[in-house]
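Please open the model and its sequence side by side. We will walk through the fold together, one part at a time.

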Amino acid sequence: MASDITTVKLLSDLGVTSVKFARLKPWDWGQQLSNIVPNKEEIKKVNEKIWDIIGKYKGIKIMGDVPKSIEDQKVPGCNINVGFEIQPDGNVLPCRIFEQRVDDKIILGNIKSQDIFEIWNSEKAKRIRSYSKRLSKKFLCTKCEFARFCSTNYCIAENFLKFDKFIPSEEDLNKCKI
């Protein structure tokens with residue numbers, strides 16, 4: 001973790017105001033690198049180390065792969081409720097996490113042929129934002145001892161990549177391997 005602290009100090013000294021550490025996940029891009037995808041214990045250790053350095057640097061917001069508590073995950077909410085990602089080809093996605101698997105289910109529109117406000121106010125964009133709002137009010141995986149370290153509980157993009165749905169079913173959750 002010393003290198004992470006050094007990295008955070010360097011970024012802080014450079015004037016960076018926020019840093020987010022994210023782990024490799026075992027789906028989409030991560031499937032090709034499955035030999036280096038962290039296991040549950042490694043994920044837990046890394047997040048605990050990140051939580052340990054949170055607050056050591058004033059003026060820089062440090063985020064881990066998952067929030068420290070259930071309360072933390074509900075406070076800021078999902079980024080898709082306040083913005084979206086515009087790709088170089090003009091496609092608009094609900095957030096950057098979806099760029100791991102771009103398909104028609106998640107492309108909201110294209111700014112080369114549509115007005116940005118039209119895309120934001122489209123039924124598809126509103127529906128996807130509604131999933132995020134529903135998910136933030138619901139705590140999934142209540143039986144899983146690892147739930148505290150898993151983004152399935154609050155991220156519709158992670159759920160989409162993992163289960164091909166924005167909000168997984170109970171059956172999906174029972175098959176979950178992380």
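What follows begins with confidence and overall layout, then moves to the helices, the cores, the sheet and a few single residues.

This is a predicted model, in which local features need pLDDT of at least 70 and side-chain atom pairs count only at pLDDT 80 or more, while totals for chains, interfaces and linings use all residues. Residues are numbered from 1 along each chain as its sequence is written, and side-chain values use heavy atoms, with hydrogens and water left out.

Let us start with confidence. The predictor's confidence in each residue is its pLDDT, on a scale from 0 to 100. For the protein chain the mean pLDDT is 76, and 72% of the residues reach 70 or more. Where pLDDT is low, the predicted coordinates should not be read in detail.

Now for the layout. The protein chain holds seven helices and five strands; these are DSSP runs, numbered from the N terminus, with helices being H or I of at least four residues and strands being E of at least two. Along the sequence they follow the pattern α-β-α-β-α-β-β-β-α-α-α-α. Of the 178 residues in the protein chain, 41% are buried (buried is under 20% relative accessible area, exposed over 50%, partly exposed in between, with a 1.4 Å probe and protein chains only). Among contacts with a separation of 6 or more, 54% join residues 24 or more positions apart; a contact here means heavy atoms within 4.5 Å.

Helix 1 (residues 2-13) contains L11. With a relative accessible area of 23%, L11 is partly exposed. Leaving out residues up to four places away in sequence, L11 touches V16, V19 and I60. The C-alpha atoms of L11 and I60 are 8.6 Å apart, although 49 residues separate the two in sequence.

In helix 2, the buried residues are I43, N47, I50, W51 and I53. They cover an arc of only 160° around the axis, so they sit on the same side of helix 2 (the arc is that of the directions from the helix axis to the C-beta atoms). An α-helix has 3.6 residues a turn, so residues three or four places apart point the same way. On the face of helix 2 turned away from the buried side are the exposed residues K45 and D52. I43 counts as buried because its relative accessibility is 2%.

Which residues touch the most other members of the largest nonpolar core? They are F98, I156 and F166, in a core of 21 residues. Strand 4 (91-93), helix 5 (123-136) and helix 6 (156-163) each give two or more residues to this core. Apart from it lies another core, of eight residues, including V8, I50, I53 and I62. A nonpolar core is a set of buried Ala, Val, Leu, Ile, Met, Phe, Trp, Tyr and Cys residues joined through side-chain atoms within 4.5 Å. In soluble globular proteins, nonpolar side chains tend to be buried together.

Helix 6 is mostly covered, with eight of its eight residues buried. D164 comes after helix 6, and its phi is positive, near 65°. Most residues other than glycine have a negative phi. D164 lies in the loop between helix 6 and helix 7 (170-175) and is partly exposed, at 36% relative accessibility.

Three strands form an open, antiparallel sheet in the order 3-4-5, where two strands pair if DSSP finds at least two bridges between them. Strand 3 (85-86) and strand 5 are the edge strands, each pairing on one side only. Strand 3 and strand 4 pair over two bridges, and E85 stands opposite L93 in strand 4.

The loop between strand 3 and strand 4 includes D89, which is partly exposed with a relative accessible area of 41%. Setting aside neighbours within four places in sequence, D89 is in contact with N110 and K112. D89 and K112 are 23 residues apart in sequence, and their C-alpha atoms are 8.2 Å apart.
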